[in-house]
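Please read them beside the sequence and the coordinates.

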Amino acid sequence: MQLGMIGLGRMGGNMAAKLREGGHEVVGYDVSADSGRDVDSVEGLVAALDAPRTIWMMVPAGRATDATVAALTAVLEPGDLVVDGGNTRFSDDRGHAEELASHGIHFADVGTSGGVWGRREGYALMVGGSDEDFDRLVPLLETLKPAGDDGLVHAGPVGAGHFVKMVHNGIEYGMMQALGEGYAMLEASDLVDDPHAVIASWRRGSVIRSWLLDLLSRALEGDEGLRHVAGRAQESGEAKWMVAEALRMGIPLPVTTASLFARQSSQVDDPTTMKVVAALRNQFGGHAVDRE
């Protein structure tokens with residue numbers, strides 16, 4: 001397929017590269033001149049694509065996404081398709097879809113997980129949109145997802161993809177917090193000679209074996225005891241949205257809520273637990289960490 005990609009950062013740039021490796025034609029645009037972009041404006045991107053166009057956005061949620069949707073609405077044609085693969089709040093998707101639909105332009109939201117490893121391992125993709133638009137995207141989705149039968153789901157109508165990704169990220173918060181708390185206990189104990197060796201041993205056979213556990217072991221190999229990682233971890237928004245939505249729905253989320261508050265508290269404190277969370281975010285997502 002031919003695709004326009006808006007946003008060529010850590011995620012968008014790697015996704016564009018993976019699609020090109022899979023045989024697709026990708027025309028890239030980013031506001032940064034040193035991003036490796038192919039065109040220097042939204043108008044130039046649209047002009048470089050054949051109708052009906054498919055344009056995939058990987059830009060920050062909020063104002064940047066709103067502005068990009070508005071710019072595309074002004075220049076795209078009926079039958080074109082806009083895909084939001086960023087971390088937009090699911091409740092904003094309907095407004096974007098309606099804005100584009102008023103001009104005959106289709107919209108789909110794709111929750112995307114995989115971080116900086118996605119280019120090699122594939123991305124988990126959670127799609128919201130019509131059956132027609134999902135089918136139209138299948139060639140791209142098949143290239144981006146991991147090999148095999150898993151890693152791709154049509155979660156429901158517009159908004160479902162980002163709703164599912166929000167829940168995914170809330171679960172991620174809880175899992176990382178649990179690993180951080182467990183490692184902090186190992187490190188504080190007089191009985192445990194080598195906390196890293198314990199973590200490494202859990203990677204095989206244990207019921208808690210996971211990719212996050214693998215990444216924790218990898219982070220410890222590069223910095224024993226995480227002595228050069230500050231115990232501060234940012235919260236990127238999705239868990240906060242999830243907790244707010246759960247309150248509206250009447251769904252108790254004690255683990256996600258506690259892990260969210262722990263990240264907020266880490267802006268003041270510097271515990272070992274948050275060193276682990278910060279290191280894991282760096283390992284899978286390339287997020288910057290404060291170094292001591």
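1. The largest pocket holds about 1100 Å³ of space. Here a pocket is an open set of points on a 1 Å grid over the protein atoms alone, with protein on both sides within 12 Å along at least five of seven lines, and its lining residues have an atom within 4 Å of a point. Grid points are joined across faces, edges and corners, and the volume is the space filled by probe spheres set on the points. The lining numbers 42 residues, of which M11, N87, T112, G115 and K165 are the closest to the centre.

2. This is a predicted model, in which local features need pLDDT of at least 70 and side-chain atom pairs count only at pLDDT 80 or more, whereas totals for chains, interfaces and linings use all residues. Residues are numbered from 1 along each chain as its sequence is written, and side-chain values use heavy atoms, with hydrogens and water left out.

3. Which elements build the lining of the largest pocket? At least two residues each are supplied by α1, β5 (106-113), α5, α7 (160-188), α9 (211-222), α10 (238-249) and α12 (272-285). The largest share, six residues, comes from α7. Helices (H or I, at least four residues) and strands (E, at least two) are DSSP runs, numbered from the N terminus. By composition, the lining of the largest pocket has 16 nonpolar, 18 polar and eight charged residues. In this division Ala, Val, Leu, Ile, Met, Phe, Trp, Tyr, Cys and Pro count as nonpolar, Asp, Glu, Lys and Arg as charged, and the others, Gly among them, as polar.

4. The second largest pocket has a volume of about 220 Å³. Its lining consists of 14 residues, with I6, Y29, V31, V59 and T68 nearest the centre. Helix α3 gives the most to this lining, namely three residues. The lining of the second largest pocket comprises ten nonpolar residues, three polar and one charged.

5. Strand β1 (residues 2-6) pairs with β2 in the parallel sense over five bridges; two strands count as paired if DSSP finds at least two bridges between them. Four of the five residues of β2 are buried, so that this strand is mostly covered. Buried means under 20% relative accessible area, exposed over 50%, and partly exposed in between, with a 1.4 Å probe and protein chains only.

6. The sheet as a whole is open and has seven strands in the order β2-β1-β3-β4-β5-β6-β7, with mixed pairing. Its edges are β2 (25-29) and β7 (152-156), and each has a single partner strand, so one side of each is left without a neighbour in the sheet. From one strand to the next the twist averages 25°; axes are lines fitted to C-alpha atoms, and angles run from 0 to 180 degrees between N-to-C directions. Within the sheet, β4 and β5 pair in the parallel sense over four bridges, and V83 has A108 of β5 as its bridge partner.

7. How many salt bridges are there? The count is eight, where a salt bridge is a side-chain nitrogen of Lys or Arg within 4 Å of a carboxyl oxygen of Asp or Glu. One of them joins the side chains of E21 and R119 at 2.5 Å, N to O. E21 belongs to helix α1 (residues 10-21) and R119 to helix α5 (residues 118-121), so the pair ties together parts that are 98 residues apart in sequence. E21 is exposed at 51% relative accessibility, and R119 is partly exposed at 35%.

8. R53 takes part in a salt bridge with E77 (3.3 Å, N to O). This pair links distant parts of the chain, 24 residues apart: E77 is in the loop between α3 (63-75) and β4 (81-84), and R53 in the loop between α2 (42-47) and β3 (54-57). R53 also forms a salt bridge with D80, the closest N and O atoms being 3.0 Å apart.

9. A219 lies in helix α9 and is buried, with 8% relative accessibility. The C-alpha atoms of A219 and L100 are separated by 43 Å, the two residues being 119 apart along the chain.

Notes
On a 1 Å grid over the protein atoms alone, a cavity is a set of points where a 1.4 Å probe fits but cannot get out, and a pocket is an open set with protein on both sides within 12 Å along at least five of seven lines; lining residues have an atom within 4 Å of a point.
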